[in-house]
Each structure stands twice: as C-alpha cells, then as structure tokens.
Amino acid sequence: MATSVLEHRAPAMPHAHPKTGLWSWITTVDHKRIGILYGATAFLFFLLGGLEALIIRLQLTGPNGKLVDPDTYNALFTMHGTTMIFLGVMPLSAMFFNYFIPLQIGARDVAFPRLNAFSYWVFLLGGIFINISFLVGAPPDGGWFGYANLTSSRVIPSTAAAPAPGLNIDFWVIGLQILGIASIAAALNFFVTIVNLRAPGMKMLRMPMFVWMSFVVQVLLLLAFPVITVALIYLMMDRNFGTSFFMPDGGGDPIMWQHLFWIFGHPEVYILILPAFGIASEILPVFSRKPLFGYTAMVFSGIFIGFVGFGVWSHHMFATGMGPFADTFFSLATMVIALPTGVKIFNWIGTIWGGSLRYTTAMMMAIAMVALFVIGGLSGVMHSSAPADLQQTDTYFIVAHFHYVLFGGAIFGLTAGAYYWWPKMFGRLLDEKLGKAHFWLMFLGMNATFFPMHILGLNGMPRRVYSYPEGLNFEFWNLIETVGAFVLAFSFLIFLVNIIKTWMGPRNAPADPWHGATLEWAIPSPPQEFNFPKLPQVGSSVPQWDARRAAGGHLPEPALVSGEGIHMPNPSFWPLMAAIGVNLTLGSLLFIRQLPYWYGLTLFGAAWLFVSVYKWAFEPAH
Amino acid sequence: MDTRPRRAWRAWLARAAVLGLVLFVAACGENYHQSTLQPKSDITRMIDGLFRTTFLWAMIVFVLVEAALIYALWRFRAKPNDPEPVQSHGNTTLEIIWTAIPALILVVIAVPTVKTIFKTSLPAPNPEVEVEVIGHQWWWEFRYPKLGIVTANEMVVPVSKMVGLRMWSADVLHSFWSPQLAAKRDVFPIFPQTKYKKVNPLWFTADSVGDYSGQCAELCGIQHGRMGLRVQVLSDADFQAWVAQQRVGSPLVDGGKPPAAVDSAWKADTVHTKGQAAFVAGGCIGCHAMVGTPLASALTLRGPNLSHVGSRTTIGANMYENNPTNLAQWLRDPQGMKKGSHMILPRPLTETEIAQLVAYLRMHK
C-alpha cells in the first residue's frame, strides 16, 4: 500500500484554511474546523479518562490496595465512565459526524452552522464544568448510572443522622444536563443535514454506510436524551426540593430511576458503537478494493439494532427481581439483537472475502474492531440469559464485555477512522510504521487488560470494589490487567508521537491517498472552506470509484479554486456566548444550597442566554 | 526450500498452545473461593448448566467466525499486480442463511433460559429454613423469624435443606450475592412509614458443608467494596446446636431476656459485668443490641446485633478476622479500619475499656 501512496504524493498545496488565528477558531462556523475542535477536545478528555483508568488499575494491582481512599476510588470509576462515554467516545464520534457527514453527502456545510458551533461550545464548557468537581473536592461518586436512592438522598432537611451530602452528585446531574443540550442540538442538526442537504442523485440508499449509521445515531440521540433529561430533573428535585420521585421513604420508587436511566442507557450503547460500525464499513471496502457486501442488509440491520435497542433496557436489571414474564421478554428481545449484529459481522467478512487486502493501519484497526466486537457480542449473548446474568451482572465479566464492545469496538473503530481520514483532515498522512506499532501494542494491551476480566468476573470478583481481600485468588489476573493497561497507555503515547511528528512534517497527502469510494476523496486534502466548488452528481453508493473508472483508473489531482460567488455563512461568536449562557443558567443550580439568592444567578445566566440568542437571531449576514 | 523458520514457528505455536492450556486450566481451577464456576447448591448448579450451554455455543460461533476472518485475512492479502477483485455487492441467499443459523442457535439457548427463569425468579416453593436478609450500609443482617435468631454478616444454614430468603434493605440499594450458593438479587429499601414494600426472594439448597464467601454487588456508597458476607453450611446436628446457642438473648425470644440461670452466671462473671459497663459507658449501646443490656430486644438500631459476636469468624462485614487484636483495633479506630463506616465513637475509648470490651465481646459466643 505504501507504494500507492507514494505514487499519488501531491506537490505542496497552498493553505486551504485561509483564515487563521485564535479569533477565527472561536467564531468559526465551518463544520470542518468544528470537527477538529471536537476531536482535539474529546481526545484530551479521553486521555483524562485513561489516566483515571490507570489509577484504578494501580489500586487493584494487588490485594488490599491502598493507593487511593475508597471514596476517591468511587469518584475515579464514576468519572472514568462518565468521561469516556460523554466526553470521549460521543464527541470523538461527533468529530467524524461534523467533518465527514457534509463531505460524504456532498454538502457545503451542515444545515445549521451556528447551532453546530453552539453544540461544540456547550460540550466543551459542560465537560469542564463536570471536571471542576475534582478541583473543589466534590467529584461525582455514584457511578455513571447514578442509581437512586443512593444518589437521591434528600439534601433538605439534613439531620445529624443523615448529614447533607456534598455537591458530588449535583455536579454530575447538572453536567449531564448541559452535555445533553449539546447532544440534542447536534443530533437535530445532523438529522436535518442528512435529510435535506444530500447532493443531487444521492438517494437514501446511496448514502455511504458511515452516514447511514450516523443517521441512526441521531435518531437514537433525539429519542433517548429527553428521557435522561427528565430523569435527571426528577433526581435534582429529589435532592433539592423535597420531592420523592425515587425516594422510598417518601413513597417513591428507586426502580423507576433504573427504568428511566436504561431506556436512555441502552440506546446510548448503540449511540457509542454505531459510528464505529459505520467507519469500519467505509474502511474495509476501500482496502479490499471491493464494495461493501450486502449494503441493503447493512442499512436495515443498523436500523433494526437502533429500533430494538429501545426494547431491551431491562436486561440491565435482571437482578432487581422483575418477575418471570418481564425477565423472559427482555431475555428474548436481547437475544434478537444478536441477529442484526451477526448480519453486520458476516457482511464485513463477506466484504473482505475475495478482495485484495492492503494492510494499512486504518485497515488493521478496522479488522481488529470486527474481531474484538465478536467477543463482546458473544459475551453479551451469554448474559442475555436472565438466570445466567444473576451470576454475571455487577461483576468483572460485565466490565470485560462492555470494554470489548466499547474499547474493542468503538475505540478501535474511531482510531481506524483517525488513521483513515487524517490525510483528508490535515493534508498529512500519519506515519504507518508508528501506526503499526500503535496498533499492535493497542491490540495486545487491550486483550491483556480486558480479557482476564472475564475470568475474574466468573470467578467471583464484583465491579466497583476499591480493593479485594487476599485468599480469593484475584491477584494474578489483576496484575496482568494492570500491566496490560500500561501497554495500552503506551500505545496511545505512540499515537501522540505520531500526531506530533506528522504535524511537524510536510503536507504530503494527495486528495485520494487510499483510492477511496466516497465523495470526500474527490476534493483536495484538506478541503477548501466551501468543500465542493460545484455540487457533485451522484449515481451510486461509490461515486469516487465510478469517477475513477470513468477516467480509466487514474484521476488528476483536484485543483484549488477560488471560492468567489459561493455563499458561506459568516463567522459568529454568539454561539459561544449562548453556550456560556446555558452553562451559567444550569451551573447556577449548584448553588441552590450554598447561596441564599441562587435564583439571582440563574436569572443572570438566563438574561445572558437571552441576549446571546437575540443577537444570534438578528446577526446580519455579510 | 529451507524449512527451519517454519519449524521454529511451529515450535512457538506449540509452546503458545501449552501456555494457553495452562492459563485456561488456571482460569477454571478450584482455587477461586468465590467462584460462580464452582456451584454448591441446586440453584447455582442450574444456572451453571445454563451458562455452560450458552458458553459452548458461543465458543463454537467464536471459533468459526474468527477462523473465517483470519483465513480471509491471509488468503486474500494483496499481492503485487492483483487484478481488480470481483465487485460483488451481496448475496441474498447468504444473508438468509447467516440470519437463520444464528436464530436457530438462539432458540437452543432461549428454551432452557426461559425454563430456568421460571424456576429461579419465583419465591422458594417450600422452604425448610426461612431467613430474612436486610442490607445495611455496609453490613448484612440475617433474621430467622421462625427460629428466633438475629445475626449479622454470617448466615448459617443446614446442608440439604431448602433455604428461602426474603430480602430488603434498611437504607440504599444493595445486592445480595453468594456466588456458590444463591446467585444474586438486589435488595430495595423498605421504610416502615411508606407503602413501598418490595421484598425480593431467593432460595437455595446447599449440597455440601462448608464456608462460602460472598459480597454486596450493587454500588451502595463508600464501603461497597468491602460489604462482605459469609454463608456457613453446617450438618443438621451442628445447625441445631448453633440455633440453640443463638437463641439465648435474641430479640425475637422472650424480648431479649436470657434464661435466668444464664443471666445469673453472667452476673457473677467480672468479664461480663465490666465489659457491659464499658459497653454502656462507651456509648456502644446507642447503635448495638446486646444480650443483658436494656436494649437487647431492639431491632432497629443502626449497627449489627452483637449478642453472639464472639461466635462469628470475622468482623467489619467479612473484612477482618475476628481476633482480639483486630477487635481492639476496631474499637480504637473504626474509621481507620473501615473509612466512612457509620461506626463513629461518641468519645475515644480508653485502653482499659477496649481490653474489657474485647474480652466481653469474645466471651459472648
């Protein structure tokens, strides 16, 4: 494959982003720049979540670990989960949604460019907000699932027997509300973009698979996030205003929280994994030189997964004692999800079968995603069986399962996407030698860290324990896991080195380094602000291959053109202002108990938000 | 052609296979004392059998799928001057086959699953021993309403008799998990003043005498990690002896009053009288029921009933061995022994008091 890259190495091109400077980034509404902002921010949060994981692993290396206190440990796993899900994997997916949905459907931007900037700023500030909790010594510690009534403990009135809890859970509740606003705004934006802004000729069933899976994800986000929003409002009221939605001592029901949480929480799992499925479905055909096998089956299996994903939430609750009929329904529904997932796996193998496989780092990451997801999927079938889950739930077996799905699946898929699309985003190819070192260490480290968790879980090690005693024989595999975690961390250090090396190197990426199939490869790397000087005409799901074939196998490098006459939205800093308003308004809720006039702060935030939105609405276009 | 590299490669493969086998055996060995793979009761054997069926099918699928993937990766690797591969777009027959075969496998798993669900999720059909399990932050209370026993952290049951559990919590959610005997089920808080009364059942018939460990499996606060428990399975005779011993001074028997003969023997014993004085003066009595004290019959105190604490093998919810050193250290610095525990001393105890209390607590077996 290296040769094909060299053949097409293009001469250095003039800078494709003519606007520079901090202000241009703060006010940008360009989906590509917002994508890069999402990616850079999410990667930093991802490293933070990884750091938390390393401390967790160090604590558990041997029996009776004393590195951190039990309360710190609870905060670490709570924030590890919260960070990785809401601040790592979701925004990393959002980076690819932002950058590549418009490019792949042949659009000049998303449907609502300023709303897009708003989503990013709300996400950034929300992520900072929830992490400030560490600095004020009140990090969330109720688990990423925040089960009531541990989290709903009444704040007012407090007595000596039940002292007022700290702000830990309030940071979590408000932080998630802020992040939810970012997610819902972004989901609406991409939904409308995909429905309305496709290039002429791109019917729904000609969309690239990444766009299709992203489309399903936006629908899941729009349907799942309102549920958690409502649940979090109830929880906040239980904590601060004396309601009893989830408090049994006031007549409420803590199981209702679990139902609400998992009606959001299970689709959330597919929100995390489907983008990676889409990315793998882009990469495998390109490096096999064959179209995606079973395109229609892939589309409908993705839709089916999303749909049934709303009917399986209670498989997280088999131990709550729902009775035999509910257990049966949710067991069978969960098993049914294995079918469309299997269809995807088999079609990926069908895609590479009979192909001519080029082992680039992107391809290897995508293949590993398939291979590792199989393991996570099969362990998932094992605990779809409700009685078996009575042993497995809340043990390390589950931790192993979802790390195979979310690390083996989502992170490998997203990393594959990074190697695949890096040249398009930055005009530079990541180093393949370092990429392969990254891949092998990541693959080795991933399995060393997470595979032994299967063994420990089945042999009786529960989750969320800050230490374990001697005598249960958990030491050996825990030690291996810790070593694996550091190998994993080291592999990402190599990735960082690769990024820095590439960043300092020359622009060496042609428009289409991989012989890609989709529209983003038809334009220069990186694309000009307006993406397409002329909207492309699409006649199949592999338009760039069609063009290459029509040109006799070789396409000339697309020329940079003047964007004169192409209307692009003007930059605006009101999205950032509005995002600050959202954070002020919601963030003020932290002070319900601290300040006598907290609602003054709320009103100030609301006024700020109102002014920002007003200025945004009446901003003149120029 | 030189075949040496190939042989070396095979030798490494053989070594890897041996290593893999050793690790596999180690993984399912007998050395795990809290293992779901070592079931010791009817219900856990049932679940284990179901798991093994599922596991077998999962392994078959795993081997076939990964083998097909690895074969394709090797067989279809790009070679120089490869022509463009056949541009196939899919195959409906294949799609149907690879949907139908997994569906059949799922049916094979689903049928025993549903059968087992209807056995495991219902209350015990006819329990011979009934135990009420009450989760507290961060310890377990076990009450035997028919036998008149209240104890903590160590459940004692007879072998080969069906034990029916009724479980709830006194504060937040917990999950009772005894991997070898009873699997797990969550417990939900019940407060006397409200209508919310979710009592979860679980049952098991232990098939061998032994001492089994378990622990809380639902995040319940700072000490969730060390909210352990033990289940001791005794022969029928040993169990009857244990019952007779535990009934003395139990809140469920004669309002906590011990038999007169026992009471007068205690009153003649300075270990008892001095210890009891320290128990009252040190404030222990505020949270713990204890034989011979005015609150011997209390059932709603914050801490575990200590009437027979000397007979328990561990303290701090299966965290420390119950010996004089650990007990003394626990009384000296409970927060140092178990950070965040609700055991907060009203005032520091003197070393004399600690010595008196240790002797007193160990005397009451």
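Analyst: Let us start with the domains. Chain A is divided into domain 1 (2-8 + 31-555) and domain 2 (570-622), with bounds that come from an automatic or database domain assignment. This is a predicted model, in which local features need pLDDT of at least 70, side-chain atom pairs count only at pLDDT 80 or more, and totals for chains, interfaces and linings use all residues. Residues are numbered from 1 along each chain as its sequence is written, while chains are lettered from A and ligands numbered from 1 in the order in which they are written.

User: How many residues of domain 1 of chain A are in contact with domain 2 of chain A?

Analyst: Two residues are in contact if their C-beta atoms, placed from the backbone, lie within 7 Å. By that criterion, 17 residues of domain 1 of chain A meet 15 residues of domain 2 of chain A. On the domain 1 side, α5 (113-135), α6 (168-196) and α7 (209-240) of chain A each supply at least two residues; helices (H or I, at least four residues) and strands (E, at least two) are DSSP runs, numbered from the N terminus. The most comes from α5(A), with eight residues. That side comprises 12 nonpolar, three polar and two charged residues, where Ala, Val, Leu, Ile, Met, Phe, Trp, Tyr, Cys and Pro count as nonpolar, Asp, Glu, Lys and Arg as charged, and the others, Gly among them, as polar. The centres of the two domains, taken over C-alpha atoms, are separated by 30 Å.

User: How should I read the packing of α5(A) and α17(A)?

Analyst: Two packed helices are described by the angle between their axes and the distance between the axes. Here the axes of α5(A) and helix α17 (residues 574-587) of chain A come within 8 Å and cross at roughly 40°. Axes are lines fitted to C-alpha atoms, for helices over the stretch in contact, and angles run from 0 to 180 degrees between N-to-C directions. The two helices are therefore oblique to each other, given that angles under 35 degrees count as roughly parallel, over 145 as roughly antiparallel, 65 to 115 as roughly perpendicular and the rest as oblique. Residues making the contact include A:Phe118, A:Trp121 and A:Leu125 of α5(A) and A:Leu576, A:Ile580 and A:Val582 of α17(A). In total the contact holds 12 nonpolar, three polar and one charged residue.

User: What is the strand order in the sheet of five strands in chain B?

Analyst: Two strands pair if DSSP finds at least two bridges between them. The order in this open sheet is β3-β2-β1-β5-β8 (chain B), with mixed pairing. Its edge strands, β3 (149-152) and β8 (200-205) of chain B, each pair on one side only. Neighbouring strands are turned by 25° against each other on average, direction ignored. Within the sheet, β1 (residues 129-136) and β5 (residues 162-169) of chain B are parallel partners over seven bridges, and B:Glu132 faces B:Arg166 in β5(B).

User: Which helix gives the most to the side of chain A that touches chain B?

Analyst: The contact involves 72 residues from chain A and 79 residues from chain B. On the chain A side, α10(A) gives the most, with 15 residues. This side divides into 40 nonpolar, 22 polar and 10 charged residues.
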